[in-house]
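Please look over the structure first.

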Amino acid sequence: MFIPESYGLAVALCFVTMLCWGSWANTQKLATKKWPFQLFYWDYSLGIIILSLILGLTMGSSGEEGRPFLEDLSQGETSSFTSAFVGGIVFNIANLLIVAAIDIAGMAVAFPIGIGIALVLGVIVNYMATPVGDPLMLFAGVALVTFAIILDALAYKKLSSGQQTTPTKGIVISIIGGVLMGFFFRFVAASVSTDFAQPTEGLFTPYTAVFIFSLGIFASNFLWNTFFMYKPFKGEPVSYGEYFSKGNMRLHFIGILGGIIWCIGMSLSMIASEKAGFAISYGLGQGATMVAAAWGVFIWKEFANAPKGTKPLINLMFLSFIIGLSLIIYARVG
């Protein structure tokens, strides 16, 4: 199977992860506003399964090192299957809660709370499990990236200065979603052998783990997404019938594309983890927040009419982000 041979290549893969995780949500912007997120999410989860299977049968089954995808799938222990599958379940509810919180409390409140908690907690949990890299450099970098996320929130707050109230429900949902998001990666990582060239018996290679993870996402959709469809925190309920009556080939393709983009990021993050370590791999990937901010600033022009004082916040945000990423990367070099 394909295995990165150097730390530099692993970091490059993590940057692609960052781009993918920070860009997949743009596919929802391409869909009509009449196409609810809950229906989009079914196609999104299908896209994750499709891409994980394709990668397993191609990159995960080529080369002389490691175990081929199907062989790896057949030898996994029950604990490995369970861990990767639970990772998908946890990620799914965390993702849906953060999206719901953004809808209730707004981007300026929900996103920094949810993703900020996920970033810090995820790096701590993964570093404690597999301590790879200089902790001082790593956590200093995480602190700066978290600071950049807070600055991003302040910029969005200025943009929506007319909205004075912040629903407590949105804050609580953000916190719960962030805590859960901080743990999903560890569940998947626990099912993966730390030696990719000669994988431990019973554990998976990254390709197999991501595939089982994707099945956990899709299966749990029947619980989590069904709840959000019929009992949304905000907006009107959505039925399964609307998936077929309102959907068309274009809308379904857009949702599947969103899942494919996200899964490319997840797969590369796991593939890079042998050389980078799970904490650094996850931490770099969660820099996706700033990629999403860059889309908002440079492509969607969300801050074109922002009030005075917003531009310095955005500039400081990107500066903190770049320095933070540099420290996270250097944590393994040093």
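In α3, Phe40, Asp43, Tyr44, Gly47, Ile48, Ile50, Leu51, Ser52 and Leu55 meet a set of α11 residues. On the α11 side these are Leu251, His252, Ile254, Gly255, Ile256, Gly258, Gly259, Ile260, Trp262, Cys263, Ile264 and Ser267. Contact means heavy atoms within 4.5 Å. By class, the contact of α3 with α11 has 13 nonpolar, seven polar and one charged residues. Ala, Val, Leu, Ile, Met, Phe, Trp, Tyr, Cys and Pro count as nonpolar, Asp, Glu, Lys and Arg as charged, and the others, Gly among them, as polar.

This is a predicted model: local features need pLDDT of at least 70, side-chain atom pairs count only at pLDDT 80 or more, and totals for chains, interfaces and linings use all residues. Residues are numbered from 1 along each chain as its sequence is written, and side-chain values use heavy atoms, with hydrogens and water left out.

**α3 and α11**
- Helix α3 spans residues 37-57 and helix α11 residues 249-276. Helices are DSSP runs (H or I, at least four residues), numbered from the N terminus.
- Their axes lie 6 Å apart, at an angle of about 50°. Axes are lines fitted to C-alpha atoms over the stretch in contact, and angles run from 0 to 180 degrees between N-to-C directions.
- That angle makes α3 oblique to α11. Angles under 35 degrees count as roughly parallel, over 145 as roughly antiparallel, 65 to 115 as roughly perpendicular and the rest as oblique.

**α11 and α12**
- The axes of α11 and helix α12 (residues 278-285) come within 7 Å and cross at roughly 135°.
- The two helices are therefore oblique to each other.
- Ser269, Met270, Ala272, Ser273 and Ala276 of α11 make the contact with Phe278, Ile280, Ser281 and Tyr282 of α12.
- By class, this contact has six nonpolar, three polar and no charged residues.

**Nonpolar core**
- The largest nonpolar core has 99 residues. Such a core is a set of buried Ala, Val, Leu, Ile, Met, Phe, Trp, Tyr and Cys residues joined through side-chain atoms within 4.5 Å.
- Phe91, Leu138, Phe184, Trp262, Met266 and Met270 touch the most other members.
- Helix α5 (residues 78-105) gives the largest share of this core, eleven residues.
- Beyond its neighbours within four places in sequence, Phe91 is in contact with Tyr41, Tyr44, Met181, Phe184, Phe213, Ile217 and Trp262.

**Thr205**
- Thr205 sits in the loop between α8 (168-189) and α9 (206-230).
- Thr205 is buried, with a relative accessible area of 1%. Buried means under 20% relative accessible area (1.4 Å probe, protein chains only).
- Not counting residues up to four places away in sequence, Thr205 touches Met1, Arg67, Asp72, Val192 and Pro199.

How values were computed
Buried means under 20% relative accessible area, exposed over 50%, partly exposed in between (1.4 Å probe, protein chains only).
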